[in-house]
Amino acid sequence: MTIVYEARTGRHGVPLIDGVDKVTGRALYTADLDRAGALVGVILRSPVAHAEIIRVDTSKARALDGVAAVLTGADCRVAYGVLPIAMNEYPLARDRVRYRGEPVAAVAAIDETTAQRALELIEIEYRELPAYFESTDARAPDAVLLHDNKPGNVEREVHHDFGDLDAGFAAADLVREHRVCCAEINHAQIEPHACLAEFDPSSGRLTVQDVSQVVYYLHLMLARCLEMDEAQIRVIKPFVGGGFGARVEVLNFEIVTAMLARAAGGKVFMQLTREETFLTHRSRPQTDVVLKLGMRKDGRFTACACEVTQRGGAYAGYGVVTILYAGALLQGIYDIPAIKYDGYRVYANLPPCGAMRGHGGVNTRFAFETLVDKMARELGLDPFAVRRANLLRAPTQTMNGLMVQSYGLAECLDAVERASGWKERFGRMPAGKALGMACSHYVSGSAKPIHFTGEPHAVIHLKLDHDGGVTALTGAADIGQGSSTMVAIAVAETLGVGLDRIRVVSSDTAITPKDNGAYSSRITFMVGNAAIAAAQNLKMLLVEAAAKKLESAPEEIVCDGGVFRVGQGGQAALSFKEVVSAALIDEGAISVKGSFTCPVEFQGGKHRGGAVGSTMGFSYAAQVVETSVDDATGQVSVDKVWVALDCGRAINPLAVAGQIEGSVWMGMGQALCEETRYLDGLAAHASFLDYRMPTIVESPAIEAFIVESKDPNGPFGAKEASEGALAGFPPALVSAIGHAIGVDLLELPATPDRLLEAIGKRRQKAAAAARKQRAAS
């Protein structure tokens with residue numbers, strides 16, 4: 001990958017502070033932890049997609065030698081969920097199962113063989129019910145309800161109107177509508193789910209080490225489902241091998257492992273198989289979008305109407321938020337005078353879906369950007385010109401109450417247009433080859449947390465002791481995105497010292513302050529600001545100590561490169577270690593904290609669901625994709641990608657570049673090949689052999705541009721960098737395919753079979769038109 005930012009500025013960034021541990025194998029993931037004396041936990045799963053549980057008999061399993069604990073739904077009295085308003089899932093099914101593979105019983109035994117034998121001895125009698133695997137079937141008038149309190153099997157219905165829609169469409173020179181369908185896709189993180197739980201009967205304390213992205217949520221739900229005092233629970237996050245949203249929610253196996261440990265009075269380790277990990281996914285849901293857009297001859301948008309139906313699976317999970325995000329993120333990127341949104345989150349007898357990188361906005365962005373491209377073609381407008389005609393002006397507030405304080409999309413467009421040679425090459429390439437483009441954006445964290453307690457959005461503790469090292473304590477989960485490195489850089493930059501003085505300890509609820517977790521790209525903006533605030537508080541104490549030692553006023557002290565001196569270039573100076581020694585006199589070890597809270601005005605509109613989509617700042621991205629299409633085989637190859645991302649300011653350009661590249665790859669997977677299909681509710685692609693993902697073989701050359709719009713509220717001006725570029729790739733690719741062979745795909749992924757079917761329909765349509773013309777003549 002070429003990183004143009006480095007060449008332009010000379011700033012390269014630093015390797016991640018945990019990178020060496022990972023590449024040398026020193027990093028310990030959950031499955032690597034010391035399991036000496038641990039029992040093996042396993043789960044019995046439902047073989048049917050929808051049924052009442054008539055009878056459960058565990059007597060034979062309990063009698064088997066080596067079995068320490070057996071649990072069923074009868075042991076799970078309390079439901080859980082990520083949203084306080086939508087907790088309708090139990091760790092083990094009670095009374096009814098709602099998808100194939102749902103946990104119904106669990107065993108802890110001395111070894112894997114004994115545990116599996118115990119599962120075989122558990123007898124469960126089911127009475128099957130009708131099962132629904134598509135949203136349309138689940139919403140049929142005579143469909144059996146999956147949850148009695150959700151009529152029509154709709155978890156959440158959303159209706160939002162902003163502006164005068166009728167007037168907007170009336171003012172348009174062209175109004176078009178299309179329907180697209182995006183397949184369900186999986187996070188496919190490389191590390192399988194795993195959990196190590198230990199319960200001490202003498203103290204009544206529970207310790208859980210786990211793959212979670214949000215240890216705070218896990219802590220809450222363990223206390224809730226085990227009906228324990230939160231003070232008796234400790235949750236630790238070891239290294240995590242990828243998340244992408246899969247581990248934002250508390251997952252059933254985590255609670256089940258903890259319950260087994262308590263029932264057995266000891267330590268239990270559970271690692272799910274790859275198939276079980278696919279079932280326990282919280283993936284991006286299958287989504288149907290009907291989008292209508294009005295456009296003037298000059299490319300200005302006049303109105304947009306969008307209807308979204310998401311197949312959410314069997315339980316609520318993040319569903320309420322996902323369906324709200326899909327509508328909220330229609331705004332905040334372009335100036336659209338009127339927007340109507342109707343959203344439906346539908347239950348189905350499939351594993352529950354949830355948050356995935358680009359949460360809520362990817363599929364609606366695909367529908368929007370591809371329709372824009374088709375309408376531009378029809379009006380004879382350049383796709384870049386259409387986007388430029390609809391740019392926002394920052395600072396501004398959208399119709400749904402989203403605040404935009406920095407906006408670098410124009411610069412992103414300029415960068416990729418110039419680098420790709422768009423003006424010279426667009427529409428002039430050989431047959432089967434073409435360029436396509438699209439734009440995208442994403443939030444820098446949710447401005448209003450789902451568990452609203454009135455506490456700050458982020459807190460950092462710093463400890464300084466005799467060794468002169470600064471330890472940063474953060475609850476923020478580094479799951480590979482480099483957040484611990486960002487914290488270290490923020491502290492070091494603020495203190496004016498090298499990174500080698502900073503240690504970061506993260507995600508241990510007994511040691512680190514509470515953090516709302518790794519989701520919605522919140523950590524850089526919120527935790528970064530908290531880290532700077534903490535470092536400023538520490539620096540103030542050090543400056544006071546230096547001033548006292550140098551017999552000067554604090555405001556005269558300058559710190560640069562770890563040296564404190566009186567005035568710029570002053571002769572009287574103290575090293576950082578000398579100042580630390582002075583500061584510790586009469587005080588001992590110093591502890592300070594810093595926090596960050598999103599101001600109320602950034603927390604969304606007043607309409608119902610208005611908090612979803614609210615954020616301190618949006619990242620913006622533009623992409624150009626060059627593709628080659630073989631219309632005989634339906635094969636699509638991506639030849640090159642140019643992508644520019646406005647991340648406010650790149651705190652660590654090396655990490656930002658990696659996140660841009662990862663966004664392109666994940667977008668490419670959804671666009672080209674990734675898809676979770678079910679056969680009567682059974683996942684047909686529940687392995688890395690069957691679930692098709694791009695590899696290095698398919699990876700194109702990527703030219704990345706980092707645009708810095710300097711957000712006024714971001715840490716050093718920074719915004720998110722991990723998700724904004726993802727949603728632009730699928731529409732850019734599909735637009736390129738359309739320009740290459742004249743076929744506009746309405747489904748993702750763009751697999752050869754779908755493409756050949758579309759080509760066949762185009763040829764049939766052309767043949768019918770030719771026959772009609774001959775008959776007329």
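The second largest pocket lies between domain 1 (33–129 + 191–241 + 247–280) and domain 3 (458–597), because both domains give residues to its lining; the domain bounds come from an automatic or database domain assignment. The structure is a predicted model, in which local features need pLDDT of at least 70 and side-chain atom pairs count only at pLDDT 80 or more, whereas totals for chains, interfaces and linings use all residues. Residues are numbered from 1 along each chain as its sequence is written, and side-chain values use heavy atoms, with hydrogens and water left out.

A pocket is here an open set of points on a 1 Å grid over the protein atoms alone, where a 1.4 Å probe fits, with protein on both sides within 12 Å along at least five of seven lines, and its lining residues have an atom within 4 Å of a point. The second largest pocket has a volume of about 510 Å³, a volume being the space filled by probe spheres set on the points, which are joined across faces, edges and corners. Its lining holds 22 residues, and Phe 239, Ser 484, Val 504, Val 505 and Ser 506 lie nearest the centre. By class, 10 of the lining residues are nonpolar (Ala, Val, Leu, Ile, Met, Phe, Trp, Tyr, Cys and Pro), eight are charged (Asp, Glu, Lys and Arg) and four are polar (the others, Gly among them). Helix H2 (19–24), helix H15 (483–495) and strand S22 (502–506) each supply at least two residues of this lining, and the largest share, five residues, comes from S22. Helices (H or I, at least four residues) and strands (E, at least two) are DSSP runs numbered from the N terminus.

Of the 13 residues of H15, 12 are buried, that is, under 20% relative accessible area with a 1.4 Å probe and protein chains only; among them are Ser 484, Met 486 and Leu 495. At 1.5 Å a residue, taken over one less than the number of residues, H15 should span 18 Å, and its end C-alpha atoms are 18 Å apart, which agrees. Just after H16, Glu 551 takes a positive phi of about 55 degrees.

With a disulfide taken as a pair of cysteine sulfur atoms within 2.5 Å, the count comes to zero. Cys 673 is in no disulfide, since the nearest cysteine sulfur, that of Cys 182, is 14 Å away. The sulfur of Cys 76 is 7.6 Å from the closest cysteine sulfur, in Cys 225, which is too far for a bond. Cys 76 counts as buried at 1% relative accessibility, and Cys 673 is buried with a relative accessible area of 18%.

Key
Buried means under 20% relative accessible area, exposed over 50%, partly exposed in between (1.4 Å probe, protein chains only).
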